[in-house]
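How do two parts of one chain meet? Look at the structure below, then read on.

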Amino acid sequence: MGIGRLSAQVSSIGTQRICVLGATGSVGASTLDVIERHPESYEVFALSGYSRLKELEKLCVRFRPQYVVVPDVEHQKSIQRRLIDAGLKTLVLAGADSLDFVASHQDVDTVVAAIVGSAGLSSTLSAVRAGKKILLANKEALVMSGALFMQLVRESGATIMPIDSEHNAIFQCLPARTHDSLSAIGVRRIILTASGGPFRTTSAQLLSEVTVDQACAHPTWSMGRKISVDSATLMNKGLELIEACWLFNAPPAKVEVVIHPQSVVHSLVDYVDGSVLAHLGNPDMRVPISHALAWPRRMESGVSALDLLKVARLDFEPPDEERFPCLRLARQAATAGGSAPVILNAANEVAVQAFLTGRTAFTQIAAIIDGTLNSLAEVPVVTLEQVLDADATARREASKWVGALS
Ligand code: NDP
Ligand code: MG
């Protein structure tokens, strides 16, 4: 087992029981839309939400899961009462430990890891330890704990199916035996495409004045607020670069980033013989989610066929690391290794939260991350405890930089 090395096992034994962590979010909604189209193949076993609990209750009525996880006991009691009144047998659980419980439950076949940020780390690792098939959206977990994550995958036999669209595209452009090194399978480089976000053509001067609403209005993808801001700073591509290094066993130097504003080519693999394989499709998360759920088969996703004549042209340009320094910072952290990606991710989460809550300007996000990375020495991170320590230290340091720079 490993990255997508699933025996035909899961998909040949009837209904797959799915645990959707982060069901109330954007990836959660796309996943549930796909599942609902194929009731003969998929059954919702557990759902989780955090703040949008009215929506979560509606999802329980729609999908009748065995478990639903909410953040605290207060909501647990009130929601449980209402679900019983509605005639549902769903058991309501509370807290982060319950996320770990449902992610590793023996009756679960597939876990969709779609909680945003470091909050998704523990439950994703629980699913990995339990050897589940995991549809991985939560890239932050891999960025934070890559070495540990991949070691646990090897030990448990978990199957990781990337659903971040670029990584799913790369997966589809690689041969099935992805456990070989990239050189052994003749790969020269991986090319990650990036839309360039809403500020692709905005001048450096105007960038310091952009608003939260502008940053969250992504031109081609509809996503949660944190990843939308990450896309606007290009940190999303930086996190994806690190994600690609772990998933495909690639050194950072073999992963290139190209801006492609139409978001039709989702990524490419360049082989030594000059062949370049690309994955194309409409920008809709139901494409990678359907692929990962049905793999190695294919099924309808609800996404319309790509109209090449309507797309008409595909543009490519180099990323501008002067206006968008986050990409450079991420590449440096990937190359440095150890705790550097943990620090990068933690400082980014703190800085993006400060921007979303009006405490700092858009252009200070990169400055806060840079300051945090420069203030802390890199240390090796092997165990989960070391990852969490490095994360907590970086959050404290980044909060100081928010104060100093805002
Ligand atoms: P959203 O903000 O739309 O959804 C996030 C989900 O996480 C929600 O269900 C939310 O609950 C839950 N959540 C938030 N905080 C916590 C917490 N502290 N504990 C437990 N659950 C929590 O994000 P997206 O769906 O856009 O993104 C989810 C992940 O997928 C991210 O890691 C992102 O990088 C990745 N991804 C997303 C893509 C996209 O197209 N959206 C594409 C590729 C990757 P609630 O809403 O109830 O508060
Ligand atoms: Mg992506």
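A salt bridge is a side-chain nitrogen of Lys or Arg within 4 Å of a carboxyl oxygen of Asp or Glu. By that rule, the interface of domain 1 and domain 3 has zero salt bridges. This is a predicted model, where local features need pLDDT of at least 70 and side-chain atom pairs count only at pLDDT 80 or more, while totals for chains, interfaces and linings use all residues. Residues are numbered from 1 along each chain as its sequence is written, and side-chain values use heavy atoms, leaving out hydrogens and water.

The domain bounds come from an automatic or database domain assignment.

| Domain | Residues |
|---|---|
| domain 1 | 16-163 |
| domain 2 | 164-205 + 213-284 + 305-321 |
| domain 3 | 337-406 |

The C-alpha centres of domain 1 and domain 3 lie 27 Å apart. Ten residues from domain 1 and eleven residues from domain 3 make the contact (heavy atoms within 4.5 Å).

How much area do domain 1 and domain 3 bury between them? The value is about 790 Å², with 65% of it on carbon and sulfur atoms. Buried area is the accessible area (1.4 Å probe) that two parts lose on being put together, summed over both. Val-143, Met-144 and Leu-148 supply 55% of the area that domain 1 buries against domain 3, more than any other three residues.

Helices are DSSP runs (H or I, at least four residues), numbered from the N terminus. Helix H6 (121-129) and helix H7 (139-156) each supply at least two residues of the side of domain 1 that touches domain 3. H7 gives the most, with five residues.

Terms used: Chains lettered and ligands numbered in written order.
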